[in-house]
Every structure is written in C-alpha cells, then in structure tokens.
Amino acid sequence: MINLKERVAVITGGSRGNGLGMAKVLGSYGATIALFNDIKPEKPMSGITMENAVKELRDMGIHSKGYNVDVTEREQVESGVCEVIQDFGKIDILINNAGIARLCKFENMTDELRDLHFNVNIIGAWNCTKAVIENMMKNKYGRIINISSVTGTVVCDSGFTAYATSKAALIGLTKALAVEYANSGITVNAILPGYIYTEMVQKSAEESNPVNPESILNGIASGIPMKRLGTTEELGELAAFLASDAAGYITGTQNIFDGGSTLPETGCMGV
Ligand code: NAP
C-alpha cells in the first residue's frame with residue numbers, strides 16, 4: 001500500500017490536466033498538496049482554475065493550498081517554496097509538471113516561442129528543484145519527479161522541435177540530479193507520458209486540424225495498442241509510487257507511460 005501521510009508535495013502546473021490528476025491521487029494517499037501556478041492578467045482563467053482545483057481537492061478531504069508562482073521566475077519560485085515550508089514545515093515531494101506545447105513548423109519558430117518552451121519546460125523545473133533541494137537535503141529525504149514526454153526522447157511528430165528539445169533536456173537534468181543526490185536520501189526520476197487527455201492535447205489537436213480536432217484524437221487513440229488515451233489519474237498512480245517510500249531504491253529512471261504507443265515497430269507487419 002502506498003502511504004503518503006505526513007508527506008508534503010509541491011506540484012507545478014497543478015491546477016488542471018496531469019497536475020491536478022496527480023494531486024488528487026497523491027492527496028488520496030494522504031499527501032498535503034501545494035499547487036504552483038502562474039496567475040497573470042494575460043491568462044484570465046488561471047486564478048479561477050487554481051481556485052477551483054484547490055476547492056476540488058479540499059472537497060475530496062485533501063489538505064491543499066494554491067500558490068501564485070510562475071515557474072520561470074526564480075524569485076517567485078523561491079518565495080513560493082518559503083511559503084510552503086512556513087505553511088507545512090517542509091517539502092518532501094516535488095513534481096515538475098508545468099509545461100507548454102505549441103505546434104509550429106521549425107522554419108516559422110520564433111526565438112520567443114522557442115524560449116517560452118525552454119523557460120517553462122526546463123528552466124522551470126531547474127528553478128523549482130534549486131529552490132527545494134536544501135530543504136530536502138536537510139531532511140535527508142526527497143522525491144523529485146520530472147514530467148518529460150515520449151516526444152523528443154523516444155518518438156516525435158512534425159511541429160514539436162522546441163517542445164521535444166525541452167523534454168529531452170529534462171532527461172539530462174533528471175540523470176544529473178539523480179547521481180548528484182543519490183547519497184542524500186533524494187531520488188530523481190522522470191515520467192515520459194504518451195497521450196493523456198488534457199487541455200494541452202485538445203489544443204494540439206485543434207492546432208493540427210482546426211476543423212475537426214476529434215479526428216486527430218480518434219487517430220491518436222487508434223494508433224495506441226490499448227486503443228485509448230491515458231487518464232490523469234492513471235498517471236497519478238505512477239507518480240504516487242515514485243513519490244513513496246517503496247520507490248526508495250529507484251533513481252535516474254525514465255518511466256514510459258504510454259499504453260504501448262511507442263511499441264509498434266511498423267504498425268502494419270504481423271498477424
Ligand atoms: P495543460 O493541461 O496545458 O496544463 C499545464 C499546466 O501548467 C496548467 O496548469 C498551466 O497553468 C501550468 N503552467 C503553464 N505555464 C506555467 C508557468 N510558467 N508556471 C506555472 N504553471 C504553469 O497540460 P497537461 O497536458 O496537463 O501537461 C502537464 C505536463 O505533462 C506538461 O509538462 C506536459 O508537457 C506533460 N505531458 C503531457 C502529455 C499529455 O498527453 N497530456 C504528454 C506528455 C507530457 P494555467 O492553467 O494557468 O495555464
């Protein structure tokens with residue numbers, strides 16, 4: 001049985017999608033949940049989404065609080081981490097989940113769009129890890145989980161250059177941190193999701209086919225051996241295991257979570 005009672009988890013980008021799914025599962029195993037999300041005037045829904053997420057978690061009986069933190073801003077991350085430690089005494093688990101994906105042909109990719117991916121997907125994880133590591137070292141306990149992707153690490157489709165590069169970089173960071181803190185009670189692992197139905201996937205489907213995004217989602221499902229996209233709660237179960245005491249000897253790993261989508265060799269040969 002996974003038991004996360006007495007554990008405090010920071011989940012970045014936890015107000016919806018994969019982050020919220022993982023928050024629900026870790027919370028259901030007893031963890032206190034701190035959500036880090038950036039609330040900005042240019043994202044008018046972000047405050048409401050985080051408020052709703054915290055309410056949803058509290059309605060489930062999960063001890064939780066939201067923090068207005070843009071993971072790309074080091075000072076905001078540092079003060080968010082200080083606040084969590086003031087509120088709950090420590091940080092045991094960090095899930096670097098905040099991420100963005102915008103489809104764009106390489107020749108049209110602006111430096112700004114490239115940097116947006118690098119800043120949120122890789123520098124964000126860097127900033128959050130940097131901010132929590134001292135507290136984890138002091139407590140001789142830490143579980144850091146980086147949400148990478150099969151995109152850029154195992155497979156790729158056209159239009160994902162910035163996203164794929166950032167997700168591959170996250171594997172380098174995972175391995176480097178894992179080896180550096182292996183003797184400090186801190187494990188660092190990556191999860192590489194395939195397709196999980198969230199707003200990010202819905203948006204990418206709309207960018208791929210604005211007229212009929214459903215056809216894209218159906219096409220994705222039919223190409224997955226399990227014939228369906230994953231759920232955020234299923235992802236949460238893997239994250240909860242990696243966050244638990246039971247996973248204490250697992251570090252530096254890349255955990256593919258994709259319903260078998262990266263398995264087929266040709267997709268057409270066979271009986
Ligand atoms: P999503 O629905 O778009 O959610 C992304 C979350 O990140 C949102 O809560 C968003 O906040 C937050 N966020 C974005 N920029 C941020 C920033 N600068 N600081 C703090 N929070 C920020 O995406 P998702 O599908 O759940 O994806 C979550 C993670 O899983 C990402 O790293 C993604 O690359 C990875 N992943 C997803 C899939 C999939 O199939 N869904 C597959 C592979 C990997 P707002 O709501 O305020 O915008």
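**Close-up views of a predicted model**

View 1. Asn-146 has Ala-190 of β6 as its bridge partner. This is a predicted model, in which local features need pLDDT of at least 70, side-chain atom pairs count only at pLDDT 80 or more, and totals for chains, interfaces and linings use all residues. Residues are numbered from 1 along each chain as its sequence is written, and side-chain values use heavy atoms, with hydrogens and water left out. Strand β5 covers residues 142–147 and β6 covers residues 186–193; they pair in the parallel sense over six bridges. Two strands pair if DSSP finds at least two bridges between them. Strands (E, at least two residues) and helices (H or I, at least four) are DSSP runs, numbered from the N terminus.

**View 2. The open sheet.** Seven strands with parallel pairing follow the order β3-β2-β1-β4-β5-β6-β7. β3 (64–68) and β7 (254–257) are at the edges with a single partner strand each, so one side of each has no neighbour in the sheet.

**View 3. The shell around the ligand.** Of the 29 residues around the ligand (a heavy atom within 4 Å), those that come nearest are Arg-16, Asn-97, Tyr-163, Ile-196 and Thr-198. Helices α1 (17–28), α5 (161–180) and α6 (199–208) each supply at least two residues of the shell. α6 gives the most, with three residues.

View 4. A polar contact here is a pair of N or O atoms within 3.5 Å. A polar side-chain atom of Asn-37 lies 2.9 Å from a ligand oxygen atom. In Asp-38, a side-chain N or O atom is 3.4 Å from a nitrogen atom of the ligand. Gly-194 places a backbone N or O atom 3.3 Å from an oxygen atom of the ligand. Taken alone, the ligand exposes 900 Å², of which the protein buries 95% (Shrake-Rupley method, 1.4 Å probe).

Notes:
A polar contact is a pair of N or O atoms within 3.5 Å; within protein, one must be able to donate a hydrogen and the other to accept it, and residues adjacent in sequence count only if both atoms are side-chain atoms.
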